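Have a look at the model first.

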Amino acid sequence: MKGVTVVDHPLVKHKLTLMRKKETSTKSFRQLLREIGVLLCYEVTRDLPLEDVTIETPLQPMAAPLLAGKKLVFAPVLRSGMGMLDGMLELVPAARVAHVGLYRDPATLQCVEYYFKAPADMAERTVVVIDPMLATGNTAIAAVDRLQEAGARDIRMACLLASPEGLSKFHGHHAGVHVWTAAVDERLNDHGYILPGLGDAGDRMYGTR
Ligand code: URA
């Protein structure tokens with residue numbers, strides 16, 4: 001699928017299956033989401049540019065690669081995006097964080113913004129939007145719209161599960177934003193939930209059901 005990378009590493013598949021199981025505890029669900037955050041981050045950052053700098057090893061000088069440019073920005077969509085953030089920050093501890101507070105109106109399935117805070121120099125940074133469930137696509141579209149309004153130009157999207165309908169709607173609005181996901185499921189139900197999916201990611205993470 002164009003514009004989509006399915007991260008189908010065996011560890012990701014294994015952890016995702018555990019997350020889908022309805023009897024998986026809140027504690028385990030949160031832990032697994034954090035771990036998948038680490039693994040997805042590894043793939044999302046695979047093509048980041050490097051530049052050689054001169055360093056000295058204990059034996060001799062050498063030109064060695066470091067990440068080029070400004071620090072990354074991770075942009076978790078509240079609240080479930082927070083579940084993958086810590087795992088990603090473990091791999092890229094110097095990254096900046098932009099919080100995007102959006103909720104989905106259950107009647108209209110449209111997004112309402114309630115919080116937004118991002119670094120000032122978004123135009124100079126690569127931004128990774130973190131939204132575990134790309135379901136209708138409305139939240140992901142609104143998050144990218146809002147980050148672009150804040151100046152972001154180089155944006156990529158990390159999620160855990162996506163629906164075919166959501167991906168096609170998302171790329172209808174943001175064709176240039178590549179999506180990394182652990183799986184693309186079958187379809188959406190009438191309430192905008194992914195099937196077979198894993199239920200409500202926020203509720204399962206925080207035990208709020
Ligand atoms: N949000 C969720 O948490 N789960 C879904 O299946 C869809 C949206």
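A polar contact here is a pair of N or O atoms within 3.5 Å; within protein, one must be able to donate a hydrogen and the other to accept it, and residues adjacent in sequence count only if both atoms are side-chain atoms. This is a predicted model, where local features need pLDDT of at least 70, side-chain atom pairs count only at pLDDT 80 or more, and totals for chains, interfaces and linings use all residues. Residues are numbered from 1 along each chain as its sequence is written, and side-chain values use heavy atoms, leaving out hydrogens and water.

Here is how the ligand meets the backbone:

| Residue (backbone atom) | Ligand atom | Distance |
|---|---|---|
| Ala201 | oxygen | 2.7 Å |
| Ile194 | oxygen | 2.8 Å |
| Gly199 | nitrogen | 2.8 Å |

On its own the ligand has 240 Å² of accessible area (Shrake-Rupley method, 1.4 Å probe), and the protein covers 90% of that.

Who else is around? Residues near the ligand (a heavy atom within 4 Å of it) include Arg104, Met133, Tyr193 and Asp200. By class, the shell has five nonpolar, two polar and two charged residues, with Gly counted as polar and Ala, Ile, Met and Tyr as nonpolar, while Asp and Arg are charged.

Now the strands (DSSP E runs of at least two residues, numbered from the N terminus). β2 (residues 50-56) and β3 (residues 61-67) run antiparallel, joined by seven bridges; pairing takes at least two bridges found by DSSP. Leu50 has Leu67 in β3 as its bridge partner. The two strands make a hairpin, with four residues between them.
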